[in-house]
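Subject: Handover of a structure and its findings

Dear colleague,

Please find the structure below, followed by an account of what was found in it. I would be grateful if you read the two side by side.

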Amino acid sequence: MSPSSGSTAGGTAVTLTGTGLTSASAVRFGATAATSFTVVSDTLITAVAPAGTGTVQVTVTTPGGTSNGVSYTYVVTPTLTAVSPNQGPTSGGNTVTLTGTNLTGTTAVAFGSTPAVSFTVVSPTQITAVAPAAVAGVVSITVTTPGGTSTLPNSYFFVNAPVLTAVAPLSGPLAGGNTVTLFGSSLVGATAVRFGSTAATSFTVVSDAQITAVVPAGVVGPVQVTVTTVGGTSNPVTYTYLTPPVITALSPTQGPISGGSTVTLTGSNFSQATAVFLGAQPVSFTLVSDTHLVADVPAGAPGPVNVTVVGPGGTSAPQTYTRLSSPGI
């Protein structure tokens with residue numbers, strides 16, 4: 001007999017193979033008559049199992065008598081109650097745990113209309129299944145056993161992998177602590193933002209297209225920034241750690257309180273300078289090279305003032321410029 005088991009609700013079509021079956025007048029599952037049966041040949045009968053429970057003996061009756069019995073087992077219909085996790089990448093390959101009842105003997109697990117890549121029956125109440133690849137969206141999960149089919153509607157979400165298109169600003173100091181904005185798509189549900197292999201100090205998902213992240217400390221040079229969600233890990237975008245400007249000399253080191261003069265700064269890492277300060281006052285400047293720039297000196301009170309250069313890598317250590325009062329007689 002094939003199959004040798006079916007649902008307690010009945011309705012399972014079984015095939016009986018034997019001899020002397022041509023004149024069959026009855027097919028019984030235990031004491032209960034088959035819902036229907038068809039004599040195909042002297043060696044073959046198809047029958048629809050009635051409702052029942054447990055293991056019963058199936059017999060065929062003809063004018064010649066009643067056959068020996070073969071065992072048929074009624075299996076309780078499975079139920080699915082939960083899936084964890086309930087989402088994963090469109091590429092599939094992740095393992096999910098299905099919870100329910102009467103899962104022993106499971107013959108198929110499907111995500112929507114697509115079979116699971118593989119599955120393992122852990123116990124009568126648990127199955128682990130490897131999700132297949134699919135398009136983004138929600139699907140139902142179905143489990144099939146000899147006892148029937150159970151479906152958990154709209155229970156699993158296939159999620160697109162995140163995509164990054166830009167990071168702003170493109171660079172910052174070695175010490176980190178500055179905030180950057182990442183632009184892209186499918187960023188909702190981000191679980192990690194990494195600068196190279198280092199996790200962002202913190203991050204906030206602003207929208208599906210934007211994340212703000214606090215940059216961790218790093219070493220000089222470019223790193224690849226990625227975002228991870230349940231849909232996978234994004235393509236990288238490049239962020240560069242920069243050293244701060246360094247001032248090694250000023251020329252001249254002093255000038256009149258009336259201003260109107262200039263001072264030449266010698267040092268390094270000036271090429272990305274964004275501001276020059278005399279004390280707390282920003283001044284206009286001209287970049288000559290990565291090692292030289294010329295800053296305008298405005299009028300100010302007599303005495304020393306710190307000169308600093310600001311760039312994406314931070315602020316330089318100060319050098320002193322002194323304003324002098326005009327001599328008097």
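Pro252 sits in the loop between strand 29 and strand 30 (254-256); strands here are DSSP runs of E with at least two residues, numbered from the N terminus. The peptide bond that leads from Ser251 to Pro252 is cis, with omega near -5°. A cis peptide bond also joins Ser2 and Pro3, where omega is about -5°. Pro3 belongs to the segment before strand 1 (5-7). As background, most peptide bonds are trans, and most residues other than glycine have a negative phi.

Before going further, please note that this is a predicted model, in which local features need pLDDT of at least 70 and side-chain atom pairs count only at pLDDT 80 or more, while totals for chains, interfaces and linings use all residues. Residues are numbered from 1 along each chain as its sequence is written, and side-chain values use heavy atoms, with hydrogens and water left out.

Asn154, in strand 18, has a phi near 45°. Asn154 counts as exposed because its relative accessibility is 53% (buried means under 20% relative accessible area, exposed over 50% and partly exposed in between, with a 1.4 Å probe and protein chains only). Asn269 has a phi near 60° and is placed in the loop between strand 31 (261-268) and strand 32 (275-278). At 28% relative accessibility, Asn269 counts as partly exposed.

Strand 34 pairs with strand 35 (residues 292-297) in the antiparallel sense over 4 bridges, and Leu287 stands opposite Leu293 in strand 35. In general, strands of a sheet pair through backbone hydrogen bonds.

Val263 is buried, with a relative accessible area of 0%. The C-alpha atoms of Val263 and Ala192, 71 residues apart along the chain, are separated by 47 Å.

Two further buried residues may be described in the same way. Ser316 lies in the loop between strand 37 (314-315) and strand 38 (319-324) and counts as buried, since its relative accessibility is 5%. Leaving aside neighbours within four places in sequence, Ser316 is in contact with Pro245, Val246, Ile247, Thr308 and Val309. Leu152 is found in strand 18 (residues 148-159) and is buried at a relative accessible area of 16%. Its contacts, with neighbours within four places in sequence left aside, are Leu80, Thr81, Ala82, Val83, Ser140 and Ile141. Between the C-alpha atoms of Leu152 and Ile257, 105 residues apart along the chain, the separation is 81 Å.

Strand 2 (13-17) is among the strands that each supply at least two residues of the lining of the largest pocket. Strand 2 runs antiparallel to strand 6 (residues 44-48), joined by 5 bridges, and the bridge partner of Thr17 in strand 6 is Leu44.

How much space lies in the largest pocket? The value is about 230 Å³. Of its 16 lining residues, Thr17, Gly18, Leu21, Ser67 and Asn68 are the closest to the centre. Strand 7 gives the largest share of the lining, 4 residues. The lining residues divide into 6 nonpolar, 10 polar and no charged. For these terms, a pocket is an open set of points on a 1 Å grid over the protein atoms alone where a 1.4 Å probe fits, with protein on both sides within 12 Å along at least five of seven lines, and lining residues have an atom within 4 Å of a point. Grid points are joined across faces, edges and corners, and a volume is the space filled by probe spheres set on the points. Ala, Val, Leu, Ile, Met, Phe, Trp, Tyr, Cys and Pro count as nonpolar, Asp, Glu, Lys and Arg as charged, and the others, Gly among them, as polar.

Yours sincerely

Notes: Two strands pair if DSSP finds at least two bridges between them. Contact means heavy atoms within 4.5 Å.
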